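Subject: Structure handover

Hello,

Here is the structure for your files. My notes on it follow below.

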Amino acid sequence: MLRQISQQLKKHFSSFPITDHIIFNRKIIEINKDNFETIPENNSSKSVAFVDGGQAEIISAGNFCLSFIRVGAFVFQHNLKIRDCRHEFYLLTTARLENDDIAYESKIFPLNGPAIIDESQLSISSTDATIRIGIERASINAVANMARRFAELSLCANIDADIIMIDGILEPSFRNEEKYLSKLPENVCALAKSSSLFTASGNSPAILLNRLNPEKSCWSYVIDRANFFVKLHPKAKHVFRYTGKKEFLHLLATNSNDALFLGYPYGLIAADKFARVSNEEKMSLKMKIILSAENKDIAEYLSTANAHDILDNLS
């Protein structure tokens with residue numbers, strides 16, 4: 001059976017044409033080999049900040065969720081880390097009835113310095129199209145994804161560096177996200193590890209472009225004024241979607257020589273590790289809450305939501 005599935009996939013892939021079009025922002029754009037450009041080498045002294053975030057659900061029931069969120073940045077110059085910064089906070093989200101619908105509201109508890117996002121902008125209907133899945137009401141823990149994204153963008157707007165790079169894209173996907181995107185300076189750019197873009201035939205633009213340009217060099221392919229596909233190392237296997245100024249690309253290519261992930265900026269790898277909340281850290285925070293004698297009422301609510309955990313332990 002698996003062999004048949006593999007053959008079906010190969011048949012599907014072989015049906016893709018060489019000449020194709022990219023579907024981008026509801027526009028159909030012809031793929032043109034003239035849009036390829038080599039990324040030049042450049043020994044610039046400009047600083048580059050790499051920003052990422054991490055989160056963990058500490059405790060959760062159907063009507064509340066406590067999350068721990070961390071955002072951080074590494075600033076590099078000449079491919080050496082010169083400084084870092086980090087902001088951490090707890091996010092407590094609760095449910096309430098509003099206009100005959102369930103809404104979520106959140107309270108921020110910052111650990112270092114004042115809050116860097118507005119908690120009122122996290123208030124949202126549980127049926128809001130930007131967080132729900134299909135026709136189902138969004139889970140209450142979906143608000144933590146919003147908060148982390150807003151915090152990442154807020155950090156980008158306030159960090160001091162010549163160039164600022166964030167993981168992902170610079171397009172809104174949550175309600176109120178555009179308020180944070182609008183505050184970003186012009187030196188912010190983004191690199192997406194995965195892309196939801198398609199060609200007109202249903203192919204992956206990244207795969208097709210890599211085949212169309214077999215040159216052993218770093219290159220960019222322009223989609224529009226601020227959006228590109230890029231290959232940041234001659235031997236890299238991956239092509240990424242990049243949003244930002246073209247003149248920043250040579251610095252990103254210079255930072256993409258690490259064998260851990262050839263062709264991906266090491267600064268983003270380091271920022272991911274810096275901001276990531278480990279399972280050990282998550283369990284430690286959880287135990288501090290549920291083992292406290294004064295939190296028996298909280299533990300009672302948790303017992304209504306741990307059926308999945310019981311089944312997982314049985315398996």
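A patch, as used here, joins residues with over 30% relative accessible area and no salt bridge, and nonpolar side chains are linked within 5 Å. Please keep in mind that this is a predicted model.

Surface patch. Met1, Leu2, Ile5, Leu9 and Phe13 make up a nonpolar patch on the surface, and their accessible area together is about 570 Å². Phe13 lies in helix 1 (residues 2-14). Phe13 counts as partly exposed because its relative accessibility is 45%, and partly exposed covers the range between under 20% (buried) and over 50% (exposed).

An open sheet is built from 3 strands in the order 2-1-11, with antiparallel pairing. Its edges are strand 2 (27-30) and strand 11 (198-199), each of which pairs on one side only. Between strand 1 (residues 21-24) and strand 2 there are 4 bridges in the antiparallel sense. Ile23 has Ile28 of strand 2 as its bridge partner.

Cores. The largest nonpolar core holds 37 residues, and Phe89, Leu91, Ile117, Leu122 and Ile164 have the most contacts inside it. Elements giving two or more residues to this core include strand 6 (80-98), strand 7 (101-110), helix 2 (142-158) and strand 9 (163-167). Helix 2 supplies the largest share, 10 residues. Leaving aside residues up to four places away in sequence, Leu91 touches, among others, Cys65, Leu66, Ile69, Ile108, Leu122, Val143 and Ala147. There is also a second, separate core of 26 residues, with Val48, Phe76, Phe240 and Phe248 among them.

Regards

Definitions and conventions: Residues are numbered from 1 along each chain as its sequence is written. This is a predicted model: local features need pLDDT of at least 70, side-chain atom pairs count only at pLDDT 80 or more; totals for chains, interfaces and linings use all residues. Side-chain values use heavy atoms; hydrogens and water are left out. Patches are made of residues with over 30% relative accessible area and no salt bridge: like charges are joined within 9 Å, nonpolar side chains (Val, Leu, Ile, Met, Phe, Trp, Tyr) within 5 Å. Accessible areas come from the Shrake-Rupley method with a 1.4 Å probe; for residues, only the protein chains shown count as cover. A salt bridge is a side-chain nitrogen of Lys or Arg within 4 Å of a carboxyl oxygen of Asp or Glu. Buried means under 20% relative accessible area, exposed over 50%, partly exposed in between (1.4 Å probe, protein chains only). Two strands pair if DSSP finds at least two bridges between them. A nonpolar core is a set of buried Ala, Val, Leu, Ile, Met, Phe, Trp, Tyr and Cys residues joined through side-chain atoms within 4.5 Å. Contact means heavy atoms within 4.5 Å.
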